[in-house]
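Me: I'd like to learn how to read a few features of a protein model with you. Could we take them one at a time?

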Amino acid sequence: MKVCIVYDTKRGSTGIIASWIGEAIKEVCDVRVMRIGEVNTLRDCDLIVIGSPIYYERPLKSILKFLKQHQDELRNKRVAVFVVCIAEIFGHAGKAYAEKRYVGALIKRVPGMVIGTAVIKGWIRKPDFSQKVVVQKWIKELLKNVDVKS
């Protein structure tokens, strides 16, 4: 199975998280971790994981533009999306808000089948290494539920 992890970032946290996701599955999948400017095609990917930080209450414009530009390639693909934000500090209500508003903003632009989503707790200055366990567990669970043959 070929997995493409595509992201954009402003301060680096989303890139770190994308690399943690790739690290977690590199033993069982062919994985490419790419910033959106490095993507030439998604045609040969079986699963595409797309990540964006949240700034000013929305995913990065570059990610939204990427989704629009690649909608034909994404149409018949399995896709997972994640956002990186600090909404989790507001408890369950903050996470529910992030899922609806931030993840929802990405999902409605994905023409393919969205098979998983995640809201990842971001950080301001120093990486929060506790999130490595969270994202790696998320991607491993997601892959367990993917029918590799389809």
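Reply: Gladly! Keep in mind that this is a predicted model. Let's begin with the sulfurs: the count comes to one disulfide.

Me: Which cysteines does the disulfide join, and how far is it from S to S?

Reply: Cys4 is bonded to Cys45, with 2.0 Å from S to S. The torsion about their S-S bond is about -60°, so this disulfide is left-handed. As for placement, Cys4 belongs to strand β1 (residues 2–7) while Cys45 sits in the loop between β2 (30–35) and β3, so the bond ties together parts that are 41 residues apart in sequence. Both Cys4 and Cys45 are buried.

Me: Why is the sulfur of Cys29 too far for a bond?

Reply: A disulfide needs sulfur atoms within 2.5 Å. The closest cysteine sulfur to that of Cys29 is in Cys4, and it is 11 Å away, too far for a bond. Cys29 is buried as well, with a relative accessible area of 12%.

Me: On to the rings. How do I read an aromatic pair?

Reply: A pair of rings is described by the distance of the centres and the angle of the planes. This structure holds four aromatic pairs. One of them is Phe82 with Trp138, at 6.3 Å centre to centre and 65° between the planes, which is edge-to-face.

Me: What is the geometry of the pair formed by Tyr97 and Tyr102?

Reply: Tyr97 and Tyr102 are edge-to-face, with centres 5.6 Å apart and 85° between the planes. Tyr97 is partly exposed at 39% relative accessibility, whereas Tyr102 is buried at 5%. There is also a cluster, in which ring pairs link Trp20, Trp123 and Phe129.

Me: And how do I find empty space in a model?

Reply: Rolling a probe the size of a water molecule over the atoms shows where empty space is left. Here, the largest pocket has a volume of about 460 Å³. Its lining has 21 residues, and the closest to the centre are Ile54, Val84, Cys85, Ile86 and Ile124. Two or more lining residues come from each of α1 (13–25), β3 (47–55), β5 (78–85) and α4 (91–107).

Me: How does the lining divide into nonpolar, polar and charged residues?

Reply: The lining has 14 nonpolar residues, four polar and three charged. Cys85 is buried, at 7% relative accessibility.

Methods
Residues numbered from 1 in each chain as written. Predicted model: local features only at pLDDT ≥ 70, side-chain atom pairs only at ≥ 80, totals over all residues. Heavy atoms only, no water. 1 Å grid on protein atoms, 1.4 Å probe; cavity = no way out; pocket = protein on both sides within 12 Å on 5 of 7 lines; lining within 4 Å. Points joined across faces, edges and corners; volume = space filled by probe spheres on them. Helix = DSSP H or I, 4+ residues; strand = E, 2+ residues; numbered from the N terminus. Nonpolar A, V, L, I, M, F, W, Y, C, P; charged D, E, K, R; others polar. Buried < 20%, exposed > 50% of the residue type's maximum accessible area, 1.4 Å probe, protein only. Phe/Tyr/Trp six-rings, centres within 6.5 Å; stacked < 30°, edge-to-face > 60°.
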